[in-house]
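Morning, everyone. Please look at the model on the screen, and I'll talk you through a few side chains.

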Amino acid sequence: MVDNRYATALVIGSVLSLLAAVYLSAAVGTQHWYQYSSPPDAHNGSNASLLSDDEFDEKTSSEILYLHNGTMGLWWWCILVPSQSHWFKEPEPKFKRQCKRFTLPQQFLPKYKHLGNHDNEEDLLRTYLWRCQFLLPLVSLALVFLSGLVGFCACLCRSFTPTLAVGVLHLLAALCSLGSVCCFLAGVDLLHLYAKPPDKVAKSLGWSLYLALISFPLQMMASALFLWAARSHRKNYTRMIAYRVA
């Protein structure tokens with residue numbers, strides 16, 4: 001028999017876990033982790049088609065990203081380009097979003113200390129930050145999915161013991177979500193150190209990154225509820241057994 005307090009904690013923790021998974025999944029699949037705002041005349045004369053080339057050049061692509069109101073994601077780099085080319089200049093031109101999607105082999109490519117020059121020494125810090133920023137959220141989602149399977153099996157077996165494992169898995173998932181955000185921001189700072197954006201370009205965090213940040217406290221609260229319910233129920237059960245024996 002499960003106390004109503006513990007059942008309520010389990011329900012609230014499950015809802016928080018589901019919300020965190022939805023927010024983190026949306027963050028992983030969108031392109032607005034970091035964004036740049038350039039003045040209208042900044043992209044005059046620049047070639048924006050280089051971003052869509054199959055061979056990714058970090059130096060050239062980052063310069064285009066700065067000058068064309070670019071946005072960065074875990075799997076995407078996007079820019080704004082004019083939708084139509086006319087022989088006259090429109091007072092309010094229309095723009096469309098052009099994105100470069102990274103393939104899985106490109107995510108594992110090494111980074112170099114001098115952008116655009118692959119003959120130089122590899123920058124191990126940026127290489128592993130780049131890899132961790134997209135691997136950690138996938139690990140976090142996998143841990144949440146695994147905890148859901150454990151919880152479902154616990155319900156079928158009518159056992160409260162696996163709830164402790166569910167709480168630990170959510171704690172690890174929360175740390176992975178936070179680690180992904182930290183790795184991404186550290187990687188962006190290092191990119192700006194090697195390829196400094198122009199002074200007129202404004203930099204800001206995107207809403208996708210905030211979704212990933214929101215998933216961290218939600219997973220932490222879910223973990224705390226599961227751990228509290230498991231520990232409190234175990235103490236209560238132990239005291240009940242001791243009382244019956246006495």
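Which residues make the nonpolar surface patch of about 390 Å²? They are Leu164, Val168, Leu171, Leu172 and Leu175. Keep in mind that this is a predicted model. Take Leu171 from that patch. Leu171 sits in helix α5, which covers residues 163-194. Its relative accessible area is 31%, so Leu171 counts as partly exposed.

Now the aromatics. There are eight aromatic pairs in the structure. One of them joins Trp77 and Phe102, edge-to-face. Their centres are 5.9 Å apart, with 80° between the planes. Buried or exposed? Trp77 and Phe102 are both buried.

Stay on Phe102. Phe102 also pairs with Trp130, again edge-to-face. Here the figures are 5.4 Å centre to centre and 85° between the planes. Trp130 belongs to helix α4, residues 124-157, while Phe102 is in the β4-α3 loop, so this pair links parts that lie 28 residues apart in sequence. Trp130 is buried, as is Phe102.

Next, charges over rings. Lys111 lies over the face of Trp130, 3.6 Å from the ring centre. Arg101 has its charged end over the ring of Trp76, at 5.9 Å from the centre of that ring.

Last item: the tyrosines. Tyr34, Tyr36 and Tyr66 together form one aromatic cluster.

Note on methods:
Residues numbered from 1 in each chain as written. Predicted model: local features only at pLDDT ≥ 70, side-chain atom pairs only at ≥ 80, totals over all residues. Heavy atoms only, no water. Patch = residues over 30% accessible without salt bridge, like charges linked within 9 Å, V, L, I, M, F, W, Y side chains within 5 Å. Areas by Shrake-Rupley, 256 points an atom, 1.4 Å probe, with all protein chains shown as cover. Salt bridge = Lys/Arg side-chain N within 4 Å of Asp/Glu carboxyl O. Helix = DSSP H or I, 4+ residues; strand = E, 2+ residues; numbered from the N terminus. Buried < 20%, exposed > 50% of the residue type's maximum accessible area, 1.4 Å probe, protein only. Phe/Tyr/Trp six-rings, centres within 6.5 Å; stacked < 30°, edge-to-face > 60°. Lys NZ or Arg CZ within 6 Å of the ring centre and 35° of its normal.
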